[in-house]
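Good morning, and thank you for coming.

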Amino acid sequence: MRYYDEKHETMSRDEMTALQSARLVDVVKRMYEGAPYYRAKMDAIGLLPGDIKGIEDIDKLPFTTKADLRANYPFGCFALPKSEISRVHASSGTTGKLTVVGLTNRDIDDWAECAARALVMAGCDKNDIVHVSYGYGLFTGGLGLHYGSEKLGSMTVPASAGNTMRQITLIKDFGATALACTPSYAMVIGEEIEKMGLSLSEFKLKRGIFGAEPWSEDMKREIERKLGITAYDIYGLSEISGPGVAMSCGGDWGLHVMEDYFYPEIVDPDTLKPVPDKTDGELVFTTLRKQGMPLIRYRTRDISALNHDACSCGRTLCRMKRVSGRTDDMLIIRGVNVFPSQIESVLMNIKEIVGSHYQIIVDRQNNLDTMEIQVELAPAVFSDEIRKVEEIRRRIEHDMMGNLGVGAKITLVSPDSLPLSTGKTVRIIDKRAKQ
Amino acid sequence: MLVNQIAVFLENRKGRLFSMLNALSEAGINVESLNIADTRDFGIVRIITDDNAGAKKALAEAGFTAADTDLVAIEVDDVPGSLTATLGKLSKEGINLEYVYSYSRAGGKALILFKTDDAAEAEKLLR
């Protein structure tokens, strides 16, 4: 199977532009009528739906940011009544408030279509057995790949995350041919297989669909070696839809964007003006077909570039460069989005420490992201008993876990021993960047 | 009797114990007893000095977090069973021990130091 949807994946630029134009005109109209927050943005600059006649008019439209989603928490960004929504997903927001998205049944089906296309790009078809080790739940990873794999007709194993030994047994016994998870978890699985002394000949794995966190070329090669597979990059974000917004075909430049569903732009993050092809900037998406919660010109904060050159795989869908960083200070820890501001708000509520003084150290140990938060113990609560000091430490760890959804190791340090923060560079030390 | 002890918070970093002791020696303070309780990430150093007030001041100036507390100290004979008898008395009265360590003063008997939840009560019992 070469393409899942040959018509849309290989259509000419003119046909694509015509399709995108018609869909943009439609979504702008639906947003103006159904999403008061976006209508207000258009009214503020005197823009009417009729002013948008095609994709060439897209830069007349106001941007949408995560702040808009936060201000309208939880359901204020929906463009349809709640009764039309059949599923919600959510991811971390900057201040501990979740970013919530709502999907109609058709949205879920469109997303499955994109994920199915992605699986075919990685070489899957209905004969594959797809082992999904992304988390199932509010996070879009698990259900996104799950629906895509089912739509393709592959045998789908909803393993979800955790319990690596059991995962390996399932992958081996069921003869999984494709593995979908975060790159760091793929490394963990690979290492565990080595530790268990199993031979790759006992496995039928051929390909991996990995995403939801940044990873390097070196890590990709290492995963391919450890698991004896070809690794493919998948991209998605819950605001736009989950995994399957873009996918690598295995070619040498980036990921194909499902641009008949999601219109990509790259803008200069300072001037917000478009930049030329193959130039780095902030990735912006407009959902062209979404019903429940369309977003117009949503600033992803991801840094990427676009390439409209022809690809050797035959697809005409433009490509986006693998995301190389962020324009904000969001961290991705084991696939979970973490904002330093969330950490700060947890710390501010703990009276035993000097909440404004902290340092975040992110690293990758044994291929798993680790996060350490150093906090200053307030002198007034210091005790000569280990038990009492440990109890404070453990309580902070517990609160962090509850608020961030991912574990952090808390280290207590002496007051005034942390550098005074003058910006994010001082507060966050990300050692993964150098690996 | 009661003995005043200073506890100092030390993060698990190279050179921290050295800088702590250095701050004391520069202030001309003699450390008579030193005991370290440690976890994976941090330690608590418990010291008794010839000038605890001066020691606290010197440590604060050097940026250390320190707190003082009273411990119950008893002299025990250097024969089998002498500590057992003492602990028996505390246990019978339901007094909990947080930690215990020994401390020997020059030319004399061993001193056993107890941190209990009620120092005054324990001290009365053992008098």
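I begin with a charged pair in chain A: the side chains of A:Lys66 and A:Glu239 form a salt bridge, with an N to O distance of 3.1 Å. Please bear in mind throughout that this is a predicted model. The pair links distant parts of the chain, since A:Lys66 belongs to helix H4 (residues 66–71) and A:Glu239 to the loop between strand E7 (230–237) and E8 of chain A, 173 residues apart. Both A:Lys66 and A:Glu239 are buried.

Strand E8 itself covers residues 241–247 of chain A, and A:Ser241 lies in it. Is A:Ser241 buried or exposed? A:Ser241 counts as buried because its relative accessibility is 6%, under the 20% limit. Leaving aside residues up to four places away in sequence, A:Ser241 touches A:Trp111, A:Gly236, A:Phe262 and A:Lys290.

Let me turn to other salt bridges. Over all chains, a search of the whole structure finds 48 of them. One joins the side chains of A:Asp57 and A:Lys60, at 3.1 Å from N to O. Here A:Asp57 is buried, at 10% relative accessible area, whereas A:Lys60 is partly exposed, at 40%.

A further salt bridge connects the side chains of A:Glu192 and A:Lys195, with 3.8 Å from N to O. These two residues are separated by about one helical turn, because they stand 3 residues apart in helix H8 (residues 183–195) of chain A. A:Glu192 is buried, with a relative accessible area of 18%, while A:Lys195 is exposed, at 66%. Salt bridges with shared partners also build one network from A:Glu390, A:Arg393, A:Arg394, A:Glu397, A:Lys409, B:Arg40 and B:Asp41.

How many salt bridges does the rule find across the interface of chain B and chain A? There are 5. A salt bridge between the chains is formed by the side chains of A:Glu385 and B:Lys115, at 2.9 Å from N to O. The count of residue pairs in polar contact between chain B and chain A is 7, with both residues at pLDDT 80 or more.

Finally, consider chain B on its own. Its domain assignment gives domain 1 (2–69) and domain 2 (70–126). The C-alpha centres of these two domains lie 22 Å apart. Between them, 10 residues of domain 1 are in contact with 12 residues of domain 2. The area buried between the domains is about 1,100 Å², with 54% from carbon and sulfur atoms. Within domain 1, B:Leu2, B:Val3 and B:Thr69 lose the most area to domain 2, together 50% of what that side buries. The count of salt bridges between the two domains is 0, while 5 residue pairs are in polar contact, both residues at pLDDT 80 or more.

Thank you; I am glad to take questions.

Definitions and conventions
Residues numbered from 1 in each chain as written. Chains lettered and ligands numbered in written order. Predicted model: local features only at pLDDT ≥ 70, side-chain atom pairs only at ≥ 80, totals over all residues. Heavy atoms only, no water. Domains from an automatic or database assignment. Contact = heavy atoms within 4.5 Å. Buried area = accessible area lost by both parts, 1.4 Å probe. Salt bridge = Lys/Arg side-chain N within 4 Å of Asp/Glu carboxyl O. Polar contact = N/O pair within 3.5 Å; in protein donor to acceptor, adjacent residues only side chain to side chain. Helix = DSSP H or I, 4+ residues; strand = E, 2+ residues; numbered from the N terminus. Buried < 20%, exposed > 50% of the residue type's maximum accessible area, 1.4 Å probe, protein only.
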